[in-house]
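Welcome! Please take a look at it first, and then read on.

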Amino acid sequence: MSTSVQQVNAQSESVRWMDFEALEVALTKETKKVFVDFVTEWCVYCKKMDRVVFRDPEVIRELNANYYCVRMNAESQDSIKFGGRTFINREVGLKRNPTHELPLLLGSREDHPFTLPVIIILNERFEVVERYFQYISPEQMKTILKI
């Protein structure tokens, strides 16, 4: 296959994102590491990562092969059932940019308020192994994913 055909094929591929409810079903069938990306409509760096990082063919291949990839709008007002619990956005009507309790639970730090972008990596036992709270370049992402 020529290089240009490979590039076109890689560009047409995308990260297979799922929601937390689909993740719960997937985890009953096969355990894998989990990659969680919390985003919002207004997050400039989230959009940049979507345009740059999550279109990198090596990043796409690694994520799709070895991770369940979850993307969630951190300001979602939906109730989300996961792990036998229902998570909601308790900040609706209280804050200008209300954050859902699921991103607050997974993506908060003791000494800092919740800020975007937030990437959470969990191992096969669903334990948090790393949290990232900044823009991550394609090269940094490859290092994180050990490509």
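How many aromatic pairs does a search of the whole structure find? The search finds eight aromatic pairs. Bear in mind that this is a predicted model.

**Aromatic rings**

- A pair of aromatic rings is described by the distance of the centres and the angle of the planes.
- Phe20 and Phe38 are stacked, because their ring centres are 6.3 Å apart and their planes stand at 20 degrees.
- This pair links distant parts of the chain, with Phe20 in helix α2 (residues 20-29) and Phe38 in strand β2, 18 residues apart.
- Phe20 is buried, with a relative accessible area of 2%, and Phe38 is buried with a value of 0%.
- Phe35 and Phe54 make an edge-to-face pair, with 5.9 Å from centre to centre and 85 degrees between the planes.
- Phe35 lies in strand β2 and Phe54 in the loop between α3 (44-51) and α4 (57-66), so this pair ties together parts that are 19 residues apart in sequence.
- Both Phe35 and Phe54 are buried.
- Ring pairs also join Trp17, Phe35, Phe54 and Tyr67 into a cluster.

**Charges over rings**

- Lys32 has its charged end over the ring of Tyr68, 5.1 Å from the ring's centre.
- Lys48 lies over the face of Tyr135, at 4.7 Å from the ring centre.

**The sheet**

- Five strands form an open sheet with mixed pairing, in the order β1-β3-β2-β6-β7.
- At the edges are β1 (17-18) and β7, each of which pairs on one side only.
- Strand β2 (residues 33-39) pairs with β6 in the antiparallel sense over five bridges.
- Along this pairing, Val34 has Leu122 of β6 as its bridge partner, and Val36 stands opposite Ile120 in β6.
- β6 also pairs with β7 in the antiparallel sense, over four bridges.
- There, the bridge partner of Ile119 is Tyr132 in β7.
- β6 and β7 form a hairpin with five residues between them.
- Phe126, in the turn of this hairpin, has a positive phi of about 60 degrees.

**Strand β6: covered on both faces**

- In a regular strand the side chains alternate between the two faces of the sheet.
- In β6, Val118, Ile120 and Leu122 are on one side, while Ile119 and Ile121 are on the other, and all are buried.
- Because five of the five residues of β6 are buried, this strand is largely enclosed by the rest of the structure.

**The largest pocket**

- Rolling a probe the size of a water molecule over the atoms shows where empty space is left.
- The largest pocket has a volume of about 150 Å³.
- Its lining is made up of 13 residues, and those nearest its centre are Tyr67, Ile121, Val129, Ile144 and Lys146.
- Three elements each supply at least two residues of the lining: β6 (118-122), β7 (128-132) and α6 (138-145).
- By class, the lining has seven nonpolar, two polar and four charged residues.

Definitions and conventions: Residues numbered from 1 in each chain as written. Predicted model: local features only at pLDDT ≥ 70, side-chain atom pairs only at ≥ 80, totals over all residues. Heavy atoms only, no water. 1 Å grid on protein atoms, 1.4 Å probe; cavity = no way out; pocket = protein on both sides within 12 Å on 5 of 7 lines; lining within 4 Å. Points joined across faces, edges and corners; volume = space filled by probe spheres on them. Nonpolar A, V, L, I, M, F, W, Y, C, P; charged D, E, K, R; others polar. Pairing = 2+ DSSP bridges. Phe/Tyr/Trp six-rings, centres within 6.5 Å; stacked < 30°, edge-to-face > 60°. Buried < 20%, exposed > 50% of the residue type's maximum accessible area, 1.4 Å probe, protein only. Lys NZ or Arg CZ within 6 Å of the ring centre and 35° of its normal.
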